[in-house]
Amino acid sequence: MFSVDTPSRAAGQQGSELVPSRYALQVGEIDVLVVSDGVLPLPAATMATNVDPAELADWLQRNFLPPDMFDWPLNVLVARSGEQTILVDAGLGSQFSGFPRAGQFPRRLEDAGIPLEAVTDVIITHMHMDHVGGLLAAGVKERLRPDVRIHVAKAEVDFWTQPDFTRTDMPKPVPNVLRSTANSFVEAYRQNLCIFTDRHEVAPGVVVRLTGGHTEGHSVVDLESGGERLMFAGDAMFPVGFENPDWHNGFEHDPVVSARVRRGLFQELADNGGLLVAAHLPFPSIGRVAADGDAFRYVPIMWDF
């Protein structure tokens, strides 16, 4: 199993971090590590673009969150199944000066004792910059295995040849940066891409499947072993979405489909009792989902040291 240091050990090893920004658990025979890539300060208004701003302001106030800027957590996941070590998403990278508190995953992976050279597979839920940027950070590609397999949906690769931003509501500079980062990622790793269309088993008990919505080729990753389940949901859901699954996020390229996907995944998790990890839920982002009338409720796990 992936190891997790106690806070006292971590403070000595990592210097500036009082607690390790990673959390280990097992899903049956699959070892899992959630790693925080840091946080992204973004306008709170992007959390709900189709409702009266007063409704969002009320939700933020009730959750003790600031009214203007929201620190989006950013999580990646590592799974070890059999002989394969699979990285799910790669964080932001260090090339975006506007987000100095993100781009931490390569160092934190090393701190956890997992060298980049050990990664056999990478699954990309979608090609937004905070999910592929880490693969473009200085020195990362040189340390990855030349034969590393990068699994991404065909619909996602196709989408970024002519991306549609007409239904998004992002800060003005973001679309161009998203477009250029996605193109740079494909250019840098074209020979390593393993393209799937709908559903693909990457390793025993590790399956990636297409959902669409957030982007045309957005996908989620299901881990299943020994009767236990965990879903890495990428950007299919955000903290505000449990109580308000029909609220649109400004970064969704098809917000109507996104809301339908979100509801479906929430219901699936409520029905099967599986664990949930998502890119933008507060670290360690591990919990379960319960149905709550016409909406849902997030139930975080108790930390286990």
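**Packing and secondary structure in the predicted model**

In the predicted model, leucine 116 touches Phe105, Leu109, Glu110, Val140, Arg143 and Leu144, residues up to four places away in sequence being left out of the count (contact here means heavy atoms within 4.5 Å). Leucine 116 is situated in the loop between α3 and β5 (121-123), where helices (H or I, at least four residues) and strands (E, at least two) are DSSP runs numbered from the N terminus. With a relative accessible area of 4%, leucine 116 is buried; buried denotes under 20% relative accessible area, exposed over 50%, and partly exposed the range in between, with a 1.4 Å probe and protein chains only. Between the C-alpha atoms of leucine 116 and threonine 85 the distance is 9.9 Å, the two residues being 31 apart in sequence.

Residues are numbered from 1 along each chain as its sequence is written, and side-chain values use heavy atoms, with hydrogens and water left out. Because the model is predicted, local features need pLDDT of at least 70 and side-chain atom pairs count only at pLDDT 80 or more, whereas totals for chains, interfaces and linings use all residues.

The largest nonpolar core has 58 residues, of which Ile124, Met127, Leu135, Ile150 and Phe185 touch the most other members; such a core is a set of buried Ala, Val, Leu, Ile, Met, Phe, Trp, Tyr and Cys residues joined through side-chain atoms within 4.5 Å. Two or more residues of this core are given by each of β2 (30-43), α2 (53-62), β3 (69-81), α3 (105-111), α4 (129-132), β6 (149-153), α6 (154-159) and α7 (174-189), and the largest share, six residues, comes from α7. Beyond residues up to four places away in sequence, phenylalanine 185 touches Ile124, Met127, Val132, Leu135, Leu136, Ile150 and Leu193. A second, separate core of 25 residues includes Val32, Ala79, Val88 and Val206.

For α7, the 16 residues should span 22 Å at 1.5 Å a residue, and the end C-alpha atoms are 22 Å apart, which agrees; the expected span is 1.5 Å times one less than the number of residues. Val174, Pro175, Leu178, Thr181, Ala182, Phe185, Val186 and Tyr189 are buried in α7. These residues cover an arc of only 135 degrees around the axis, which puts them on the same side of α7, the arc being that of the directions from the helix axis to the C-beta atoms. An α-helix has 3.6 residues a turn, so residues three or four places apart point the same way. The buried residues of α7 pack against α4, α5 (140-143), β6 and β7 (193-196), while Asn176 and Glu187 are exposed on the other side of the helix.

Asparagine 192 is found in the loop between α7 and β7 and, at 12% relative accessibility, counts as buried. A polar atom of the asparagine 192 side chain lies 2.9 Å from the backbone oxygen of valine 148.

In α8 (255-272), the buried residues are Pro255, Ser258, Ala259, Val261, Arg262, Leu265, Phe266 and Leu269, and they cover an arc of only 165 degrees around the axis, which puts them on the same side of α8. Their cover includes β9 (206-210), β10 (219-225), β11, β12 (275-277), β13 (287-292) and β14 (295-300), whereas the face turned away from the buried side carries the exposed residues Val256, Arg260 and Asp271. Glycine 273, which follows α8, has a positive phi near 70 degrees.

Histidine 253 lies in the loop between β11 (228-232) and α8 and, at 3% relative accessibility, counts as buried. The side chains of histidine 253 and histidine 128 are joined by a polar contact of 2.9 Å, that is, a pair of N or O atoms within 3.5 Å, of which, within protein, one must be able to donate a hydrogen and the other to accept it, residues adjacent in sequence counting only if both atoms are side-chain atoms.

Strand β3 has ten of its 13 residues buried, so it is largely enclosed by the rest of the structure. Twelve bridges join β3 to β2 in an antiparallel arrangement, pairing being assigned if DSSP finds at least two bridges between two strands, and valine 39 stands opposite proline 73 in β3. Five bridges join β3 to the antiparallel strand β4 (residues 84-88), with arginine 80 opposite threonine 85 in β4. In the hairpin of β3 and β4, two residues lie between the strands, and glycine 82 takes a positive phi near 60 degrees.
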